[in-house]
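Here is a short briefing on one structure. Please look through the sequence and the coordinates before reading on.

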Amino acid sequence: MVSGALLVLSVALGATAHYTFPSLIVGGTKTGDWYHVRKADNWQSNGFVGSVTSEQIRCFQATSAPAQATLNVTAGSTINYAAAPNVYHPGPMAFYLARVPDGESIGSWKGEGAVWFKIYHEQPNFGAQLTWSSNGKGSFPVTIPKCIKSGNYLLRAEHIALHSASSVGGAQFYISCAQLGVTGGGSTEPGDAYKVAFPGAYKATDPGIQININYPVPTSYKNPGPAVFSC
Ligand SMILES: *[C@@H]1O[C@H](CO)[C@@H](O)[C@H](O)[C@H]1NC(C)=O
Ligand SMILES: [Cu+2]
C-alpha cells in the first residue's frame with residue numbers, strides 16, 4: 001500500500017515537475033507571460049530541451065520569434081527572472097547575455113554565432129547530499145553588469161535539471177530568452193574567451209551535464225560553458 005501510494009505520488013510529481021521561464025519581475029512587479037520573454041516552444045508542455053546540439057538549446061525556439069516588447073533596464077541594476085510554476089528539479093541556474101549588433105532589430109536577431117557570455121551560474125551546496133538553492137524557487141535575481149555597453153541584449157535563462165543526468169542525454173535544459181534594452185552602460189566588451197555559441201557551448205558529456213548527483217555524492221561541480229564574465 002505504502003509503496004503503491006509513493007509510486008503514484010512520484011509519477012504525479014514527474015508529470016508536473018517541468019517548468020518554463022515566461023516572465024520578468026521588475027521592482028516587485030511581474031510582467032506578463034511571454035511579453036518581454038520570447039515565447040518558448042515549451043509554453044504549453046513545460047517540457048525541456050534534451051539535446052545540447054539542437055537549435056532549441058539557444059532560446060528554446062525551433063524557429064526564432066520575437067517577444068511582444070523589449071524591457072529597458074539600467075546597467076548595474078537587478079531584475080528577477082520568474083519560473084512557472086517553480087524550479088522543481090535539482091541543478092544549476094545560469095544567465096547569459098548576447099548583445100544585438102548595432103543596426104539589427106532585437107525582434108528578428110537570432111543570436112547565432114559566438115555572441116553569448118555568461119553573467120551568472122549557480123554552484124551547489126556540498127554535504128551528505130548535493131543541494132541547490134534554486135530548488136523549489138520561482139524567482140531568480142540577475143544583475144546586469146554595470147560596465148557593458150548600452151544597447152539591446154537577449155538575456156538567456158537556463159536551468160539544467162540533473163536528477164537523471166548520469167547517462168548521456170539525461171540532463172534536462174529549461175531555457176528562455178528575454179529582450180532587454182540596457183541603458184546607462186559602460187564601454188566594456190567581454191573578450192572572445194567569454195563568448196560561446198548555442199548550440200556549440202556544451203557537449204553532452206561535459207562533466208557538469210553528464211553527472212550522477214546522487215552516488216557517490218559529488219564533492220565538486222564544474223558548471224558547463226565559459227567562465228563567468230564580471231566587470
Ligand atoms: C528604451 O530605451 C531606448 C534608448 O534609450 C529608448 O529609445 C526607448 O524609448 C526606451 N523604451 C521605453 C519603453 O522606455
Ligand atoms: Cu520535470
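At which residues does UniProt place the feature "domain: Auxiliary Activity family 9 catalytic"? The record, an unreviewed entry, puts this feature at residues 18–221. UniProt positions follow the numbering used here, feature names are shortened, and annotations may be inferred rather than shown by experiment. This is a predicted model: local features need pLDDT of at least 70, side-chain atom pairs count only at pLDDT 80 or more, and totals for chains, interfaces and linings use all residues. Residues are numbered from 1 along each chain as its sequence is written, chains are lettered from A and ligands numbered from 1 in the order in which they are written, and side-chain values use heavy atoms, with hydrogens and water left out.

**Confidence**

- The average pLDDT (the predictor's confidence in each residue, from 0 to 100) is 94 for the chain.
- A score of at least 70 is reached by 93% of the residues.
- Residues 1–15 have a pLDDT below 50. Beyond near neighbours in sequence, this stretch makes zero contacts in the model (contact: heavy atoms within 4.5 Å).
- Where pLDDT is low, predicted coordinates should not be read in detail.

**Domain span and sheet**

- The span 18–221 is 2% helix and 31% strand. Helices (H or I, at least four residues) and strands (E, at least two) are DSSP runs, numbered from the N terminus.
- The C-alpha atoms at the ends of this span are 23 Å apart.
- Six strands form an open sheet in the order S3-S9-S8-S5-S6-S10, with mixed pairing. Two strands pair if DSSP finds at least two bridges between them.
- Strand S3 (71–74) and S10 are the edges. Each has a single partner strand, so one side of each lacks a neighbour in the sheet.
- S5 and S8 pair in the antiparallel sense, over seven bridges.
- Ala94 is opposite Glu158 in S8.

- His18 sits in the loop between helix H1 (2–16) and strand S1 (20–26), and His89 in the loop between strand S4 (78–84) and strand S5 (93–99). The pair therefore ties together parts that are 71 residues apart in sequence.
- Both His18 and His89 are buried. Buried means under 20% relative accessible area, exposed over 50%, and partly exposed in between (1.4 Å probe, protein chains only).

**Disulfides**

- The structure holds two disulfides, each a pair of cysteine sulfur atoms within 2.5 Å. Their pattern is 1-3, 2-4, counting bonded cysteines along the chain.
- Cys59 is joined to Cys177, S to S 2.0 Å. This pair links helix H2 (residues 56–59) to strand S9 (residues 172–183), 118 residues apart.
- The S-S torsion of Cys59 and Cys177 is about -85°, so this disulfide is left-handed.
- Cys59 is buried at 4% relative accessible area, and Cys177 is buried at 0%.
- Cys147 and Cys231 form a disulfide with sulfur atoms 2.1 Å apart. Cys147 is in the loop between strand S7 (139–143) and strand S8 (151–161), and Cys231 is in the segment after S10, 84 residues apart.
- The S-S torsion of Cys147 and Cys231 is about -85°, so this disulfide is left-handed.
- Cys147 is buried at 14%, whereas Cys231 is exposed at 57%.
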